[in-house]
Amino acid sequence: MASPGEHTDRTDPLAHSRRSRRSAPSVLHEVMYGHFHAAALRAVAVHRIADHLAGGARTPEDLAARTGTDAGALRRVLRLLAAHGLFHEDERGAFVLEEAGRPLRTDAVDSQHAAAVMVTDPMIWRAAAELPGALGTARPSFELAHGVPFFEHLLASPRDRAVFDAGMAALSGRDDEPVAGSCAFPEGARVIDVAGGRGGLLRAVLDRGPTLRGVLFDRPATVADHVLDGPGRAGRWRTEGGDFFTAVPSGGDFYLLKHVLHDWHDEDALRILGSVRRAAAPGARLLVVDVVLPGGGVPHPGVEMDIVMLTVATGRERTAAEFEGLLDRAGFRLHRILPTPALSSVIEAVAV
């Protein structure tokens, strides 16, 4: 759930030092009031303000009339978000949508509207508020807030599951092309996307070559809503529903695990890897797509996602050494770690 600014920091080694030179009260207050900034973002996302600014500048009065909101309150919220560069208030008091705010449009090619709604949803917000308790219990704060583990909650709440699935599709989807383009798949390879959601990554992989074949494996309800249809892919893919803790489809040349292992603590991650290893023949490739933390106190945008994991799940982001240890215990040999244009890297391993 990386923010646009994270990608800037990742490629700008001076960003951390510039923040360090700011006054301590300024930095403290920015963090202290951060949840109000997130609340403002949720307000404009819920009312789809960015959509109404697609055609150009509008006054708060005009926007309020179009969205059924209060013009005075809306002006104040937009003014706060303008300080982040998402909007801009012109000399007439009208607001325009800046490039940084464009992904808030629901019709943007790289729309993050659903992601903004998910990350600021009360389901997540309540869990974040219980983070102090997680420090004392070693349990995800989501369980403290809702009384059940995150994924059990999603199974019991169709509304929250829909919010989560849409948000994750938006967040994860922007990585599909960069990740697929960073890997080499030989002609005729069979690619099995384990817990692949609606199949965005598998679709991007299949589009890399006309002889590639694939299997999308996830919960039956999830794969039923797949996005694999399209010109040039007919007859080269199928879907399969199941539980990755029990078994995954066999016969793959490549197995994909995108943003899966970071959801689980080591023992559960090993159970998932064990299912993959039982299905994979020796020499098959495993491609784990996740953030790789540098370790050693080096600043990295992945630490934000690590706190998300502490909040909602039992997992965490891992260093290269930690990934290597997990893979070795599961019967895989780490081959290499490929950087991608996205926040995540590709950890490539071989079944031994």
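## Ser 141 and its surroundings

Setting aside neighbours within four places in sequence, Ser 141 is in contact with Ala 127, Ala 128, Glu 130, Leu 131, Ala 134, Leu 310 and Thr 311; contact means heavy atoms within 4.5 Å. Ser 141 belongs to helix α11. Helices (H or I, at least four residues) and strands (E, at least two) are DSSP runs, numbered from the N terminus. Is Ser 141 buried or exposed? Its relative accessible area is 0%, so Ser 141 is buried; buried means under 20% relative accessible area, exposed over 50%, and partly exposed in between, with a 1.4 Å probe and protein chains only.

A polar atom of the Ser 141 side chain lies 2.8 Å from the backbone oxygen of Ala 127. The C-alpha atoms of Ser 141 and Ala 128 are separated by 6.7 Å, and these residues are 13 apart along the chain.

This is a predicted model, in which local features need pLDDT of at least 70 and side-chain atom pairs count only at pLDDT 80 or more, while totals for chains, interfaces and linings use all residues. Residues are numbered from 1 along each chain as its sequence is written, and side-chain values use heavy atoms, with hydrogens and water left out.

## Helix α9

Ala 127 is also one of the buried residues of helix α9 (residues 122–129), together with Met 123 and Ile 124. These residues cover an arc of only 90° around the axis, which puts them on the same side of α9; the arc is that of the directions from the helix axis to the C-beta atoms. The partners that the buried residues of α9 pack against include α8 (113–119), α11 (141–146) and α17 (302–312).

Asp 121 caps the N-terminal end of α9, with a side-chain oxygen 2.9 Å from the backbone nitrogen of Met 123.

## Helix α7

In helix α7, the buried residues are Ala 71, Leu 74, Leu 78 and Leu 81. Seen down the axis, they fall within an arc of 85°, so they line one face of α7. They pack against α4 (34–46), α5 (49–52), α6 (60–67), β1 (87–89) and β2 (95–97).

At the N-terminal end of α7 the cap is Asp 70, which has a side-chain oxygen 3.1 Å from the backbone nitrogen of Gly 72.

## The sheet

Seven strands form an open sheet with mixed pairing, in the order β5-β4-β3-β6-β7-β11-β10; two strands pair if DSSP finds at least two bridges between them. At the edges are β5 (237–241) and β10 (332–338), each pairing on one side only.

Which residues of β3 point which way? Arg 190, Ile 192 and Val 194 point one way, Val 191 and Asp 193 the other, and all are buried. Five of the five residues of β3 are buried, so this strand is largely enclosed by the rest of the structure. Val 191 stands opposite Phe 254 in β6, and its bridge partner in β4 is Gly 214.

Strands β3 (residues 190–194) and β6 (residues 254–258) run parallel and are joined by three bridges. Five bridges join β6 to β7, also parallel, with Leu 256 opposite Leu 287 in β7. Five of the six residues of β7 are buried, so β7 too is largely enclosed by the rest of the structure.

Technical notes: A polar contact is a pair of N or O atoms within 3.5 Å; within protein, one must be able to donate a hydrogen and the other to accept it, and residues adjacent in sequence count only if both atoms are side-chain atoms.
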